[in-house]
Every structure is written in structure tokens, then in C-alpha cells.
Amino acid sequence: MQSHTERTARGPESQFEAGHEVPIQHHEKPGLQADMEDPKPTSTHLPTEDAGYQKYKAAGKLKSKRAIITGGDSGIGRAIAILYAMEGAEVLMTYLPEEEKDVQETKKRVQQTGGRECHCLAIDLSKRENCPKVIEYALQTLGGIDILVNNAGYQNMVQDIKDLEDSQWEHTFDINIHPLYYLSKHALPHMKSGSTIINCASINAYVGRPDLLDYTATKGAIVSFTRGLSNQQVENGIRVNCVCPGPVWTPLIPATMDTSAMEQFSSVPMGRPGQPSEIATCFVFLASQDSSYISGQCLHPNGGVVVNG
């Protein structure tokens, strides 16, 4: 039997405990995981019932699958990429050129933990003409597409609509929702029965966060897009689902949130923010046959907040 010491040996990653406040830090956009202070975001470890944590245990659930993960360089995207590789999938990650440092670390960890090839594509998905290029590159490198994870996102805090610039509103939609349409549209002709599309929304679509009005609006659109596309594609055997995280410790937080927002970042029933690994397990579930009877649905890893969704 594994001892508590062995099970909780920390190595380079650490966990939040209930009541643990996030370290107040502010970084330049888009934010790099390499620059974040302890506790670092965790990509592969999950809490245990005795307040320790252990490394994710893979079971070959995605053996020989081919996955596109947007925003795969850090945070939730990094955790998804690593867990997918551990489960046997080959992955292609998209990222912004300024996130090169993070994506190289993710690539190294994907190859070390999963033993599979990892492909990286620096590209700006806010430009619609780039979306079909992602699909073309995936076909060249992966040889096909079984899983599309629409994870890339952008947010910037503005307290009142009168101060929200039109350019920011449009930019947020150009990153958070429009690529889902274009990527799905161009990927679907190459997907077959058993393939899956998984979109990343947010708790904010359900609670209506006032200081992230544009971000919240896009996340609500993602939920509706998921439901509509699911109803359209279910007859083809293609499932479409959504994950709606609550507060999660990713590079987006110190890069976009002010001090007051960060001080309230643990204000969920569980008393702590989530780690990317705790969100990524939802993406594994929805990509695998474990969720074979689920489509058009939203999962809510949010620390115990009850939402009507």
C-alpha cells in the first residue's frame, strides 16, 4: 500500500488548501505560467481524500486518438494536453507567439509523461483566416481529428459598461467565440462517429460577473453554441459538450485581475481556487467513451457553487 509520504511527495507542483489565499501578483498580458509564483498551477496532480495529492492515473482512455487543443501552452490547456497524452492521445496545441516559453515546457512534459509526439502551432485565432489553417495543419501532422478542444480565451476587467471600449468588446468575441464556429465548421468534415468537440465556457455565464461583461457574454454564447451544435451533430455520432470552470489558478488570473478580485478568488464553498488538473479531468471524461451517453451538456468544476445549468 502506498504510504502517505509517497502519495503526497510534491516535486515541482503544489496544491491550494481550503482558506488558502492566492499570492497577489500582476503580470503582463497574456501571462506566462513560467512567471507565476508558488503555489504553481498544477497540471498532473489531484487532491486525495486525506488532504494530500497524487499524480493522475491514466487508463488508456484516449489511446490512438488525435486531439487539437487551442490555448494549450499553459493553465487548463497545458493540463488537458498532458492528461490527454498520458491517456494515449497525440496532441496539437495552438498558442500565441509570445507564449513560446510556456509551450516548449508543455511540449517537453507531454512527451515525457505521455511518450507521444506533441505538435505546436503559433497562430492568432482572432483572425478568422487562421482557423482553417489549424485544421489543415492538424491533418498534416496528426493524420486526422478525433477531438477538438476549444479552450483559448481572453478576459480584461472593466467595472462599468460606460468604460468598456468597443474595441475590447469586439476583441473578446474575436478570441472567445468566433474561433469556435470557424474551427468546428472546418473540423467537422474530417470527424467521424465517435469524435467529440469540447468547449470551455465559465461559471460567469451562470452568475453574470459584472466586471467581466464582455467575457461573460462570450461564455454564455459558448454554452448556447454547444447545445445547438450538439443537437445538429448528434445524428452523426459526434458529441459536443462544454466545461464551465469556476475560479482556477492559471496565468490568466495574474495577467488580467486586479488585487481586489484576486483577494476574493477563493470565495467558493470549497474555500480554495481549483487547479488546472482538476478541470482537465472533465475534458478527459468528455473526450472518452466514459461519456458516451452525454452530449449538449455542461460540466461545472467550480468548487461547489450551485448553478442552474
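How many disulfides does a search of the whole structure find? The search finds zero, a disulfide being a pair of cysteine sulfur atoms within 2.5 Å. The model is a predicted one, in which local features need pLDDT of at least 70 and side-chain atom pairs count only at pLDDT 80 or more, while totals for chains, interfaces and linings use all residues. Residues are numbered from 1 along each chain as its sequence is written, and side-chain values use heavy atoms, with hydrogens and water left out.

Cys-200 is in no disulfide, and the nearest cysteine sulfur, in Cys-242, is 7.1 Å away. For Cys-244 the closest cysteine sulfur is also that of Cys-242, at 4.0 Å, which is too far for a bond. Buried means under 20% relative accessible area, exposed over 50%, and partly exposed in between (1.4 Å probe, protein chains only).

| Residue | Relative accessible area |
|---|---|
| Cys-200 | 6% |
| Cys-244 | 0% |
| Thr-218 | 0% |
| Thr-48 | 11% |

**Sheet**

Helices (H or I, at least four residues) and strands (E, at least two) are DSSP runs, numbered from the N terminus. Two strands pair if DSSP finds at least two bridges between them. An open sheet is formed by seven strands with parallel pairing, in the order β5-β4-β3-β6-β7-β8-β9. Strands β5 (118-122) and β9 (298-299) are at the edges with a single partner strand each, so one side of each has no neighbour in the sheet.

Strand β3 is joined to β4 by five bridges, and the two run parallel; Ile-68 has Leu-92 in β4 as its bridge partner. Four of the five residues of β3 are buried, so this strand is mostly covered. The bridge partner of Val-243 in β9 is Leu-299.

**Helices on the sheet**

Contact means heavy atoms within 4.5 Å. Axes are lines fitted to C-alpha atoms, for helices over the stretch in contact, and angles run from 0 to 180 degrees between N-to-C directions. Helix α4 (residues 131-141) lies across β3 (66-70), β4 (90-95) and β5, at about 150 degrees to β4. Helix α11 (residues 276-287) also packs on the sheet, where it touches β6 (147-150), β7 (196-200), β8 and β9, and its direction makes about 170 degrees with that of β8.

**Nonpolar cores**

A nonpolar core is a set of buried Ala, Val, Leu, Ile, Met, Phe, Trp, Tyr and Cys residues joined through side-chain atoms within 4.5 Å. The largest has 34 residues, of which Ile-80, Tyr-84, Val-91 and Phe-283 touch the most other members. Elements giving two or more residues to this core include β3, β4, α3 (100-114) and α11. Its largest share, nine residues, comes from α2. Not counting residues up to four places away in sequence, Ile-80 touches Ile-69, Val-149, Ala-280 and Phe-283. Another core, of 21 residues, lies apart from it and includes Ile-135, Leu-188, Leu-229 and Val-240.

**Two threonines**

Thr-218 is in helix α8 (residues 213-233). Not counting residues up to four places away in sequence, Thr-218 touches Thr-172, Phe-173, Asn-176 and Ile-177. Thr-48 is in the loop between β1 (45-47) and β2 (53-55). The side chains of Thr-48 and Asp-50 are joined by a polar contact of 2.4 Å.

Definitions and conventions: A polar contact is a pair of N or O atoms within 3.5 Å; within protein, one must be able to donate a hydrogen and the other to accept it, and residues adjacent in sequence count only if both atoms are side-chain atoms.
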